[in-house]
Amino acid sequence: MSDGTHPEGPPADIPAHHGTPSASGASAVVVGGGLAGITAALALADAGVRVTLLEGRPRLGGLAFSFHRGELTVDNGQHVYLRCCTAYRWFLDRIDASALAPLQDRLDVPVLDANGTPGRRLGRLRRDALPVPLHLGRSLATYPHLSLAERARVGRAALALRALDLADPALDAQDFGSWLAAHGQSARAVEALWDLVGVATLNAVAGDASLGLAAMVFRTGLLSDPGAADIGWARVPLGELHDRLARKALDSVGVRTEVRTRVTSISPNENGGWSVQVPGEHIETDAVVLAVPQGEAHDLLPAGALDAPERLLEIGTAPILNVHVVYDRKVLGCPFFAALGSPVQWVFDRTEASGLREGQYLALSQSAAQDEIDEPVSVLRERYLPELERLLPAARGAEVKDFFVTRERTATFAPCPGVGRLRPGARTKAPGLYLAGAWTATGWPATMESAVRSGVSAAGAALVALGRSGAHLPDLFEEAA
């Protein structure tokens, strides 16, 4: 599951500058049509640059996409964002999609413990309209999944986390789990609180996650502004946002978008620009933004573009498994919940978004799924259907109309200790060549927010070099780690 540093949102005076591409002058090619590439293409075109966007898949959206299964429209995985994800919120505004992916009025996460005693199975993580950190005080004080002593220790650890200097590179080298243990956090507290949030946002358990990235997530999401962690998610299929509406926005500013078009090489040309090779065509351009996964970027980078390009191959990946279950009747009465005491992590109701007319469709998002990503569907069915019945009594008599899984084996970069030194910035040593992608040095873990931030950063760097104004871009980086 996915997902920011100004919780109040982008400044109100950022103009919705939808530029008109010039018939002559600066040009750019963006390689990759995920969120990073779409963002870079829009930002460049808004400044009057002639942009060509090239994507090897038959659609835009990268790993946040939809597909059809019979009459259902299915997202490959559940993606969420937070109110503090100001870059992704800007992106939604830019493609006229904000109303289709609204935020909660106020953070409220039901947490169901499969092993809890009657009357204490359900807890809630929610905020009050109080300043930080008091906004979570009542929720923590009444959270039934931790003892009174554990709750007190959580509060002290949160204050210690808030005191960390996110600019300290030493944080990147330490793992979050060791830090939590050193600050009095029990295994139960890690499971019932820290990993409940951290696994979903970092795609790693605390012991496998960089303290720097974990601190950034908790500091920004829970300890920066009362509303920072309010959750938003698409009420329509992701393809409606990241493919159809994104392509409409690209078309409106004259971006040439080519799908099913894989770039085979990029190289500097004699005029100080770049040649981009695709099957049957050479594209000559002033600037190139590489917005592809780190392995593909490594293979396409010309010699000398980075001091140590092999570092890109040292950035590991982490999988996410999504389990999809269609019941003949309604078994869940809320939009989503998180689970404890079960292999189930987060469950979302996708009935309306999928177009299902009868019954209920639940999507289970299973992050850090290294042990399950290659399990046969039959094994996963035997594991997860009984777990859903344990968690949801209404499922016990319901008929399962469909059960299937989607697997993203390289869903995110692995946020392990030391990854920060491996993540490159937007600029390369080759003039006119820029990098974008959630794996670049945005200060964020691999979220939709990080992808959009990287696209803004790459476009901003390119516009400076092209002598174009980037005044229409949001300033999203003052507090990034």
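User: What is the expected span of a helix?

Analyst: The expected span is 1.5 Å times one less than the number of residues in the helix. In this predicted model, helix 14 has 19 residues and reaches 27 Å from its first C-alpha to its last, close to the 27 Å expected.

User: Which strands does helix 14 lie across?

Analyst: Helix 14 (residues 448–466) lies across strand 13 (287–290) and strand 19, and runs at about 165° to strand 19.

User: How do strands of a sheet pair?

Analyst: Strands of a sheet pair through backbone hydrogen bonds, either parallel or antiparallel. Here, five strands form an open sheet in the order 9-2-1-13-19, with parallel pairing. Strand 9 (256–258) and strand 19 (433–435) are the edge strands, each pairing on one side only. Neighbouring strands of this sheet are turned by 15° against each other on average, direction ignored.

User: How many bridges join strand 2 to strand 9?

Analyst: Three bridges join strand 2 (residues 50–54) to strand 9, and the two run parallel. Thr52 stands opposite Arg256 in strand 9.

User: Which residues touch the most other members of the largest nonpolar core?

Analyst: That core has 131 residues, and Leu44, Tyr88 and Phe176 touch the most other members. Leaving out residues up to four places away in sequence, Tyr88 touches Leu35, Tyr81, Leu241, His242, Met448, Glu449 and Val452. A second, separate core of 26 residues includes Leu112, Ala114, Val325 and Ala369.

Technical notes: Residues numbered from 1 in each chain as written. Predicted model: local features only at pLDDT ≥ 70, side-chain atom pairs only at ≥ 80, totals over all residues. Heavy atoms only, no water. Core = buried A, V, L, I, M, F, W, Y, C linked by side-chain atoms within 4.5 Å. Buried < 20%, exposed > 50% of the residue type's maximum accessible area, 1.4 Å probe, protein only. Contact = heavy atoms within 4.5 Å. Pairing = 2+ DSSP bridges. Helix = DSSP H or I, 4+ residues; strand = E, 2+ residues; numbered from the N terminus. Axes fitted to C-alpha atoms, helices over the stretch in contact; angles between N-to-C directions.
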